[in-house]
Amino acid sequence: ERGRHIYVTPAGSGAHDGSDPMNAATFPEAVAIVNGGGSRYEMLLAVGTYTLAAGLQFDRDAMLFGGYNLAFTSRPAGMRTLITTPGATAIVVRGVMRFNLDSVDISTGDQTTTGAATTTLVVTSSTGVVLRRATITAGAGGAGTPGASGATGSGGLSGSTGGAGAGAAGGAGAGPVGAGAARSGGGGTGGTSTTTLTENGVVGMNAATSVGGTCGSGGPGGGP
(Lines give C-alpha, C1' and ligand atoms only; values in the text may rest on other atoms or scores of the structure.)
Protein backbone atom coordinates (compact mmCIF):
# COMPACT_ATOMS: atom_id res chain seq x y z
CA GLU A 1 0.00 0.00 0.00
CA ARG A 2 1.44 3.33 -1.05
CA GLY A 3 1.20 6.27 1.31
CA ARG A 4 0.68 9.93 0.87
CA HIS A 5 3.64 11.79 -0.66
CA ILE A 6 5.54 14.50 1.18
CA TYR A 7 7.98 16.46 -1.02
CA VAL A 8 11.13 17.47 0.78
CA THR A 9 14.06 19.73 -0.17
CA PRO A 10 16.97 21.05 1.94
CA ALA A 11 15.52 24.58 2.16
CA GLY A 12 11.80 23.94 1.54
CA SER A 13 9.64 26.22 -0.58
CA GLY A 14 6.20 27.83 -0.87
CA ALA A 15 3.86 26.85 1.94
CA HIS A 16 6.35 24.28 3.35
CA ASP A 17 3.59 21.73 3.76
CA GLY A 18 5.15 19.17 1.42
CA SER A 19 2.02 18.84 -0.66
CA ASP A 20 3.83 19.27 -4.01
CA PRO A 21 7.28 20.22 -5.35
CA MET A 22 6.40 23.93 -5.27
CA ASN A 23 5.52 23.72 -1.57
CA ALA A 24 8.25 21.39 -0.42
CA ALA A 25 8.85 20.93 3.28
CA THR A 26 12.19 20.90 5.04
CA PHE A 27 13.21 17.60 6.63
CA PRO A 28 12.23 18.61 10.21
CA GLU A 29 8.87 19.86 8.89
CA ALA A 30 8.31 16.56 7.07
CA VAL A 31 9.07 14.52 10.20
CA ALA A 32 6.56 16.61 12.15
CA ILE A 33 3.90 15.89 9.48
CA VAL A 34 4.60 12.14 9.66
CA ASN A 35 4.41 12.09 13.46
CA GLY A 36 1.17 14.03 13.32
CA GLY A 37 -0.53 10.82 12.06
CA GLY A 38 -3.61 10.31 9.95
CA SER A 39 -1.88 8.57 7.02
CA ARG A 40 1.09 6.47 6.00
CA TYR A 41 3.59 8.77 4.38
CA GLU A 42 6.21 8.43 1.68
CA MET A 43 8.84 11.14 1.98
CA LEU A 44 10.40 12.01 -1.41
CA LEU A 45 13.72 13.72 -0.76
CA ALA A 46 15.51 15.82 -3.39
CA VAL A 47 19.28 15.45 -3.80
CA GLY A 48 21.45 17.56 -1.52
CA THR A 49 22.62 17.78 2.08
CA TYR A 50 20.13 18.11 4.93
CA THR A 51 21.96 19.45 7.97
CA LEU A 52 20.07 19.03 11.24
CA ALA A 53 20.76 21.07 14.36
CA ALA A 54 19.83 17.98 16.39
CA GLY A 55 18.63 14.44 15.80
CA LEU A 56 14.97 13.73 14.89
CA GLN A 57 12.68 10.87 15.95
CA PHE A 58 10.04 8.97 13.96
CA ASP A 59 7.14 7.74 16.09
CA ARG A 60 4.98 6.55 13.16
CA ASP A 61 5.46 4.46 10.02
CA ALA A 62 7.31 6.15 7.16
CA MET A 63 9.17 5.40 3.95
CA LEU A 64 12.01 7.67 2.83
CA PHE A 65 13.14 7.72 -0.82
CA GLY A 66 16.12 9.91 -1.69
CA GLY A 67 17.96 10.97 -4.86
CA TYR A 68 15.20 12.91 -6.65
CA ASN A 69 15.98 15.88 -8.82
CA LEU A 70 14.52 19.20 -7.65
CA ALA A 71 11.52 18.81 -9.99
CA PHE A 72 10.85 15.33 -8.54
CA THR A 73 10.55 13.87 -12.02
CA SER A 74 13.45 11.39 -11.81
CA ARG A 75 16.17 9.90 -9.62
CA PRO A 76 19.41 10.42 -11.60
CA ALA A 77 22.12 7.80 -11.08
CA GLY A 78 24.88 8.89 -8.75
CA MET A 79 22.82 11.66 -7.16
CA ARG A 80 22.69 11.28 -3.37
CA THR A 81 20.65 12.58 -0.48
CA LEU A 82 22.57 13.07 2.79
CA ILE A 83 21.05 13.72 6.21
CA THR A 84 23.71 14.84 8.68
CA THR A 85 24.08 16.41 12.10
CA PRO A 86 27.03 17.55 14.21
CA GLY A 87 25.37 15.81 17.15
CA ALA A 88 25.79 12.21 18.26
CA THR A 89 22.49 10.89 16.76
CA ALA A 90 20.76 11.83 13.50
CA ILE A 91 17.59 9.70 13.42
CA VAL A 92 15.70 7.64 16.01
CA VAL A 93 12.97 5.17 14.97
CA ARG A 94 10.80 4.14 17.90
CA GLY A 95 7.70 1.95 18.16
CA VAL A 96 6.86 1.69 14.42
CA MET A 97 5.56 -1.21 12.32
CA ARG A 98 7.16 -0.21 9.03
CA PHE A 99 10.12 2.01 8.18
CA ASN A 100 12.01 2.09 4.85
CA LEU A 101 15.19 4.02 4.06
CA ASP A 102 16.07 3.97 0.34
CA SER A 103 18.96 5.88 -1.33
CA VAL A 104 19.45 8.10 1.73
CA ASP A 105 22.81 8.44 3.50
CA ILE A 106 23.03 9.42 7.18
CA SER A 107 26.05 10.69 9.12
CA THR A 108 27.03 12.28 12.41
CA GLY A 109 29.97 14.51 13.27
CA ASP A 110 32.96 13.85 15.49
CA GLN A 111 32.24 14.42 19.18
CA THR A 112 34.36 16.64 21.43
CA THR A 113 32.67 15.94 24.78
CA THR A 114 34.73 13.60 26.96
CA GLY A 115 33.32 10.07 26.82
CA ALA A 116 30.59 10.93 24.24
CA ALA A 117 29.56 8.15 21.82
CA THR A 118 27.97 8.40 18.36
CA THR A 119 24.81 6.43 17.44
CA THR A 120 23.90 7.72 13.98
CA LEU A 121 20.69 5.69 13.50
CA VAL A 122 18.84 4.25 16.49
CA VAL A 123 15.98 1.75 16.00
CA THR A 124 14.10 0.59 19.08
CA SER A 125 10.82 -1.28 19.76
CA SER A 126 10.14 -1.43 16.00
CA THR A 127 9.51 -4.02 13.25
CA GLY A 128 9.59 -3.98 9.44
CA VAL A 129 12.68 -1.76 9.21
CA VAL A 130 14.39 -1.96 5.78
CA LEU A 131 17.51 -0.15 4.57
CA ARG A 132 18.38 -0.09 0.84
CA ARG A 133 21.28 1.65 -0.91
CA ALA A 134 21.97 3.57 2.30
CA THR A 135 25.29 4.46 3.89
CA ILE A 136 25.33 5.07 7.66
CA THR A 137 28.46 6.87 8.87
CA ALA A 138 29.20 7.48 12.55
CA GLY A 139 31.53 10.26 13.62
CA ALA A 140 34.33 9.65 16.10
CA GLY A 141 33.40 9.43 19.76
CA GLY A 142 34.81 11.82 22.33
CA ALA A 143 38.09 11.15 24.09
CA GLY A 144 37.92 8.84 27.09
CA THR A 145 38.37 10.07 30.65
CA PRO A 146 41.92 9.91 32.03
CA GLY A 147 42.75 6.76 33.93
CA ALA A 148 43.38 6.76 37.69
CA SER A 149 46.90 7.09 39.03
CA GLY A 150 48.70 3.81 39.54
CA ALA A 151 49.50 2.42 43.01
CA THR A 152 52.78 3.34 44.68
CA GLY A 153 55.52 0.94 43.67
CA SER A 154 57.29 -1.28 46.22
CA GLY A 155 60.66 -0.28 47.62
CA GLY A 156 63.77 -1.17 45.67
CA LEU A 157 66.25 -3.89 46.77
CA SER A 158 69.21 -3.04 49.02
CA GLY A 159 72.40 -2.27 47.18
CA SER A 160 75.34 -4.72 47.29
CA THR A 161 78.30 -4.19 49.68
CA GLY A 162 80.97 -1.98 48.18
CA GLY A 163 84.50 -3.31 47.55
CA ALA A 164 87.55 -2.44 49.72
CA GLY A 165 89.12 0.89 48.82
CA ALA A 166 92.77 0.93 47.70
CA GLY A 167 94.94 3.38 49.75
CA ALA A 168 97.73 5.36 48.14
CA ALA A 169 101.28 4.11 48.73
CA GLY A 170 103.10 5.70 51.72
CA GLY A 171 105.91 8.15 51.14
CA ALA A 172 109.54 7.21 51.48
CA GLY A 173 110.87 7.14 55.09
CA ALA A 174 113.65 9.35 56.44
CA GLY A 175 117.22 8.46 55.49
CA PRO A 176 119.18 5.82 57.47
CA VAL A 177 120.97 6.80 60.66
CA GLY A 178 124.54 7.65 59.89
CA ALA A 179 127.17 5.16 61.00
CA GLY A 180 129.39 6.28 63.86
CA ALA A 181 132.99 6.75 63.21
CA ALA A 182 135.16 3.79 64.22
CA ARG A 183 137.44 4.39 67.15
CA SER A 184 140.27 2.23 68.23
CA GLY A 185 140.74 1.49 71.88
CA GLY A 186 143.71 2.69 73.65
CA GLY A 187 146.52 0.31 74.17
CA GLY A 188 146.68 -1.77 77.37
CA THR A 189 148.92 -0.86 80.21
CA GLY A 190 152.23 -2.54 79.78
CA GLY A 191 153.14 -5.41 82.15
CA THR A 192 155.90 -5.17 84.65
CA SER A 193 158.92 -7.38 84.23
CA THR A 194 160.73 -8.69 87.23
CA THR A 195 164.19 -10.26 86.79
CA THR A 196 165.46 -12.39 89.50
CA LEU A 197 169.05 -13.32 89.33
CA THR A 198 169.82 -16.40 91.15
CA GLU A 199 173.27 -17.55 91.47
CA ASN A 200 172.49 -20.91 92.75
CA GLY A 201 169.12 -21.42 90.89
CA VAL A 202 167.22 -24.62 90.95
CA VAL A 203 167.33 -24.88 87.24
CA GLY A 204 170.77 -24.09 86.59
CA MET A 205 173.60 -21.89 87.45
CA ASN A 206 173.29 -18.34 86.32
CA ALA A 207 169.85 -19.14 84.77
CA ALA A 208 167.53 -16.22 84.43
CA THR A 209 163.73 -16.60 84.61
CA SER A 210 161.59 -13.76 83.32
CA VAL A 211 158.03 -13.54 84.66
CA GLY A 212 155.89 -11.65 82.22
CA GLY A 213 153.63 -8.87 83.45
CA THR A 214 149.81 -8.96 83.21
CA CYS A 215 148.56 -7.73 79.77
CA GLY A 216 146.83 -4.43 79.89
CA SER A 217 142.99 -4.32 79.13
CA GLY A 218 141.85 -2.78 75.81
CA GLY A 219 140.48 0.68 75.63
CA PRO A 220 136.67 1.31 75.10
CA GLY A 221 135.22 0.83 71.64
CA GLY A 222 134.42 3.72 69.45
CA GLY A 223 130.90 5.27 69.64
CA PRO A 224 128.57 5.52 66.73
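At a relative accessibility of 27%, H16 is partly exposed (buried is under 20% relative accessible area, exposed over 50%, and partly exposed in between, with a 1.4 Å probe and protein chains only). The model is predicted, so local features need pLDDT of at least 70 and side-chain atom pairs pLDDT 80 or more, whereas totals for chains, interfaces and linings use all residues. Residues are numbered from 1 along each chain as its sequence is written, and side-chain values use heavy atoms, without hydrogens and water.

H16 is not a glycine, yet its phi is positive, at about 60 degrees. This residue is located in the loop that runs between β1 (4–8) and α1 (27–35) (helices are DSSP runs of H or I with at least four residues, strands runs of E with at least two, numbered from the N terminus). S103, likewise not a glycine, has a positive phi near 60 degrees. In contrast to partly exposed H16, S103 is buried, with a relative accessible area of 8%.

One helix and 14 strands were assigned in the chain. Of its 224 residues, 28% are buried. Contacts (heavy atoms within 4.5 Å) between residues at least 6 apart in sequence join residues at least 24 apart in 63% of cases.

The largest nonpolar core contains 32 residues, among which F27, M43, F58 and L64 touch the most other members (a core is a set of buried Ala, Val, Leu, Ile, Met, Phe, Trp, Tyr and Cys residues joined through side-chain atoms within 4.5 Å). At least two residues of this core come from each of β1, α1, β2 (41–46), β5 (62–68), β7 (91–94), β8 and β9. Beyond neighbours within four places in sequence, F58 contacts F27, V31, V34, N35, M43, L64, I91, V92, V93, R94, V96 and F99. In soluble globular proteins, nonpolar side chains tend to be buried together.

The chain exposes about 13800 Å², of which carbon and sulfur atoms supply 54% (areas follow the Shrake-Rupley method with a 1.4 Å probe; for residues, only the protein chains shown count as cover). On the surface, V123, V129, L131 and I136 form a nonpolar patch with about 290 Å² of accessible area together. Patch residues have over 30% relative accessible area and no salt bridge, nonpolar side chains being joined within 5 Å and like charges within 9 Å; a salt bridge is a side-chain nitrogen of Lys or Arg within 4 Å of a carboxyl oxygen of Asp or Glu. V123 belongs to strand β10 (residues 121–124) and is partly exposed, at 40% relative accessible area.
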